[in-house]
Amino acid sequence: MRYNWKRMLATAMALLLIALPVLGAAEADFDAGTLFNTLYEENYAGGRLIETTIRAKVDQITGASAEDVALAQKVLDLFELRVSALDDIDQQYTTVTLMLGGGVMVQALIKTDATGAYLVSEQLPGVTLRLPGNMAPSAQSSADMEALQNAYIDYFAIVAAWVSQKQVDREDLYVYEPVEIDESEVRDASALEMRCRVRPDDLKELLRMLADQFYNDNATQEAVTNLLASRGVTRADVRRIADQLPLWVSHELISTGDATDFVISYDDDMNIVGFDGKMPALYEKYPFKKGDLTYSRKTMEEGSAHRAKGTMEMQDGGKLAGELQAFIGDLFEDARKDEFTLSLAYTGAKGAGDVAVDIVTQNQYLAAADLDTYDGLGKFDVVESGGAAGDKLHGEYTIHSETKPVGELDFVCETTVQIDITDQLSMTVECVTASKEATPVTFPANEKQFDLEHLTESQRTELLGLLQEAAMPLMLKLMGKLPPELTQKIMAN
C-alpha cells in the first residue's frame, strides 16, 4: 500500500463519511435534522442567493516539524473557497470563487438553462465555454425519459407473463406458507413466508425474451443513445449491443444445473422482516462459485435496526464477506439518532493479499424552536496484508453543525469538521452556508465560444493557448502572496 494511495483513500473515505449525514437528513417533515434542508429549499426556490464559504486549518502533519505545520497553515490562511447558487426562474447560476489573501484569485460563473450549461470567467475574457454532458433538462431528454418509462411497462409485462407461466409449469417458483416464528434478537416475528426457487434454464428463457424485445425496440434504443450521447455512445454502439444480446444469452449462459432458493419473511402487516437466500453459480464462467445473503429487521422502542450480511466464494478461491448494520432512530422529544456500520473483507486466493474495510458513523440531531443541531462522528479502518507485509489505515472525524433562521427569510448554517488520519494528518474544515438577497446576474454574450464536448483540433489548440496565457498571471499573483520563507524553499529546490 503506497503512501499516495493511502492519502487518496483517506480523503475519499473522509468525504464519504461527511456526506452520509447530509444524504440521510432529507425528510419531508420539520423534524430534528431537517431545518437546513427545509430552509435551503425554500430560499433557493424563492430566488434568494445561497452562499457557502469554506476554510481549512491543518493541525498536524505526520513527519513534519512544528515550523513546517505553521508554514502550511500560513498558506491555507491565504485561501478561501466561495460557492454561491441562485435560481432565477428559467436560469440557474452558480458562482465559484477562489479567494487569495482577501482578493479574488480566480472566479467562474456557470449558467444552466434548457439548452445546457455555460461557463465564463474574468480569467478568460471574451470566452464562453459550453460544458459537456447533459447538465440541464431539455425537451429531447424529457421525451427520451418518457420513452424509457413507456418501455418499462412493456418489459414489466414480459416479466409478469413469465412469472405467471412458470408458476403454472413449476408450481414452486413462489409458494406462500403461513408460519409462526417468534421474534429473535435481530428479527421481528414472522407470520408469512414466500419461498422461491429460480432455475437457470427458466431465467435464461426470461433473459432471452427481454433481449429479443430490446432487439426489436428501436424507440428504446434511440432513447438510450440520446441519453448516453454525452458519454460518446453512438446509435451504432447501441445497435451492436442489441444485435449481440440475444446471441450472448443463447450461447454463453450454459447452465450448471443449480437453482437459486430464497425466502422472504413478512410480519402480520405484510412488512418484510427478513430475507434468506442461497446463490450458487447458475451458469458456467460465473465469477463466483456460490454466495448467500440474509437480511433482518428488528423493531425497537427507539427505532428500527436493519442488518444485511452476505458472503461470496470466488472461482479463484478468494472469498468476499460483507455486513451492513443500520439503526434508524425515531423522533423522541425533538431528538433523533442514527448509526451505520459497514464491514467488508476480501480473503485472497492462496498467495494473494487480504483486504478488510470497516466504517462506522453515528449521527445525532437535536431540534429547538429556532436552532437545529447536528453532531456526528465516524471512523474507518482499512487493513491490507500480503505475505509477511501488512499495512493499516485508520481515520476518524467529528462534525458539529448548527442551523438557525435569520430574520423572516434567511438562514445561516455553521459547520465544523475535524478529520484525523492516523500517521497522515489532522485538519479542520469550517463551512458557513447562508442565504441573502440576490443581485441581478449578467451573463456576457461573448463572441468566442467553445463547446467542450465537440472541440475540433484547432479549437483545442486555441483553448489550450488561452488557458496557458491565463495561468501565468495567476502564478505570479500566487507567488506574490506566498510567505517569503516558502518562496525561499521553492526557489532553493
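**Helix α7 and its neighbours in a predicted model**

Me: Is the crossing in which α5 passes α7 left-handed or right-handed?

Reply: Keep in mind that this model is predicted. The contact behind this crossing is made by residues of both helices, including Leu 207 and Ala 211 of α5 and Ala 242 and Pro 246 of α7. As for the way α5 passes α7, the crossing is left-handed.

Me: Okay, and how are α5 and α7 oriented to each other?

Reply: Two packed helices are described by the angle between their axes and the distance between the axes. Here the axes of α5 and α7 come within 9 Å and cross at roughly 155 degrees. The cut-off you need is that angles over 145 degrees count as roughly antiparallel. So the relation between α5 and α7 is roughly antiparallel.

Me: How about α5 and α6, then: what does their crossing angle make them?

Reply: Their axes come within 5 Å and cross at roughly 80 degrees. Angles from 65 to 115 degrees fall in one class, so α5 and α6 are roughly perpendicular.

Me: Which residues of α6 make the contact with α5?

Reply: Start on the α5 side, where Phe 214, Tyr 215 and Asn 216 take part. Facing them from α6 are Asn 218, Thr 220 and Gln 221.

Me: Back to α7: how far does the helix reach from its first C-alpha to its last?

Reply: Helix α7 covers residues 235-252, which is 18 residues. At 1.5 Å a residue you'd expect 26 Å, and the value in the model is close to that. From end to end, α7 reaches 25 Å.

Me: Where does α7 bend?

Reply: The bend is about 30 degrees, and there's a proline, Pro 246, following within four residues. The bend itself sits at Gln 244.

Me: Which helices do the buried residues of α7 pack against?

Reply: First, the buried ones in α7 are Val 238, Ala 242, Pro 246 and Val 249. Residues three or four places apart in an α-helix point the same way, because there are 3.6 residues a turn. The partners of α7's buried residues are α5 (200-216) and α6 (218-228).

Me: Let's hop to strand β9. Is Thr 260 buried or exposed?

Reply: Thr 260 lies in β9, which runs over residues 260-266. The cut-off for buried is under 20% relative accessible area. Thr 260 has 13%, so Thr 260 is buried.

Me: What separates the C-alpha atoms of Thr 260 and Lys 278?

Reply: Along the chain, these two are 18 residues apart.

Me: Is Ile 89 buried or exposed?

Reply: Ile 89 is found in the loop between β2 (79-88) and β3 (91-100). Its phi is positive, about 60 degrees, although it is not a glycine. Over 50% relative accessibility is the cut-off for exposed. With 70%, Ile 89 is therefore exposed.

Me: And what is the relative accessible area of Lys 285?

Reply: Lys 285 lies in the loop between β10 (272-280) and β11 (288-300). Here, too, phi is positive in a residue other than glycine, near 70 degrees. Lys 285 is exposed, with a relative accessible area of 70%.

Me: Zooming out, what share of the protein's residues is buried?

Reply: The protein has 9 helices and 20 strands. Of its 493 residues, the buried share is 35%.

Technical notes:
Residues numbered from 1 in each chain as written. Predicted model: local features only at pLDDT ≥ 70, side-chain atom pairs only at ≥ 80, totals over all residues. Heavy atoms only, no water. Helix = DSSP H or I, 4+ residues; strand = E, 2+ residues; numbered from the N terminus. Expected span 1.5 Å × (residues − 1). Bend = angle between axes of the 7 residues up to and from the residue. Buried < 20%, exposed > 50% of the residue type's maximum accessible area, 1.4 Å probe, protein only. Contact = heavy atoms within 4.5 Å. Axes fitted to C-alpha atoms, helices over the stretch in contact; angles between N-to-C directions. Parallel < 35°, antiparallel > 145°, perpendicular 65-115°, else oblique. Left-handed = near helix turned anticlockwise from the far one by under 90°.
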